[in-house]
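These are my notes on a single model.

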Amino acid sequence: MISNLVANALKHTAPGDTIRIATELESGHLKVTIADSGQGIRVQDMPFVFQRYFRGQVSQADQRVQEGTGLGLSICQSIIEAHGGRISFTSKEGQGTNFQFYLPIC
């Protein structure tokens, strides 16, 4: 999951921009945040990012973002939920995206 989220952040962030990974304990859960300062997610794409095969619209100039099948975030969500956790995100187009997932501490 972390590998997929970091790979997505790298794919959507220009060289030299920031990607941050943080962990913390919060209300009996491990919270992992992967944040980037990349292009962000378009508002109209946000409801669909966890759907299988969904790939958001990107500019013609950014062909490296066109790679992939659109399965990564759906698989991450399934794995996290199978372990009793949850995943969410916040994003602003042109300013970056923060993915957070929470896993219960046994």
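**Aromatic rings.** I looked for clusters of rings and found that F50, F89 and F99 form one aromatic cluster. The model is a predicted one, where local features need pLDDT of at least 70, side-chain atom pairs count only at pLDDT 80 or more, and totals for chains, interfaces and linings use all residues. Residues are numbered from 1 along each chain as its sequence is written, and side-chain values use heavy atoms, with hydrogens and water left out.

For pairs I took rings of Phe, Tyr and Trp (its six-membered ring) with centres within 6.5 Å; planes under 30 degrees apart count as stacked, over 60 as edge-to-face and the rest as tilted. The structure holds four such aromatic pairs. One of them is F48 with F54, a tilted pair at 5.6 Å centre to centre and 40° between the planes. I then checked exposure, where buried means under 20% relative accessible area, exposed over 50% and partly exposed in between (1.4 Å probe, protein chains only). F48 is partly exposed at 35%, and F54 is partly exposed at 23%.

The ring centres of F50 and F99 are 6.3 Å apart and the planes stand at 85°, so I noted this pair as edge-to-face. F50 lies in the loop between β2 and α2 and F99 in strand β4, so the pair ties together parts that are 49 residues apart in sequence. Helices (H or I, at least four residues) and strands (E, at least two) are DSSP runs, numbered from the N terminus. F50 counts as buried at 16% relative accessibility, and F99 counts as buried at 10%.

I also looked for a charge over a ring, which requires NZ of Lys or CZ of Arg within 6 Å of the ring centre and within 35 degrees of the ring normal. R86 lies over the face of Y102, at 4.0 Å from the ring centre.

**Strands β1 and β2.** How many bridges join β1 and β2? I found eight, in the antiparallel sense; two strands pair if DSSP finds at least two bridges between them. E24 stands opposite K31 in β2. K31 is buried, at 15% relative accessibility. I listed its contacts (heavy atoms within 4.5 Å), leaving out residues up to four places away in sequence: K31 touches A22, T23, E24, E26, Q100, F101 and Y102.

**Positive phi.** The hairpin of β1 and β2 has two residues between the strands. S27 lies in that loop, between β1 (19-26) and β2 (29-36). S27 is not a glycine, yet its phi is positive at about 50°. S27 is exposed, with a relative accessible area of 72%.

Y53 is not a glycine either, and I noted its positive phi of about 70°. Y53 is in the loop between β2 and α2 and counts as exposed at 60% relative accessibility.

**Helix α2.** Which residues of α2 (residues 72-82) are buried? They are L73, S74, C76 and I80. Seen down the axis of α2, these buried residues fall within an arc of 160°, so they line one face of the helix. The arc is that of the directions from the helix axis to the C-beta atoms. An α-helix has 3.6 residues a turn, so residues three or four places apart point the same way. The buried residues of α2 pack against α1 (2-11), β3 (86-92) and β4 (96-104). After α2 comes G84, whose phi is positive, near 80°.
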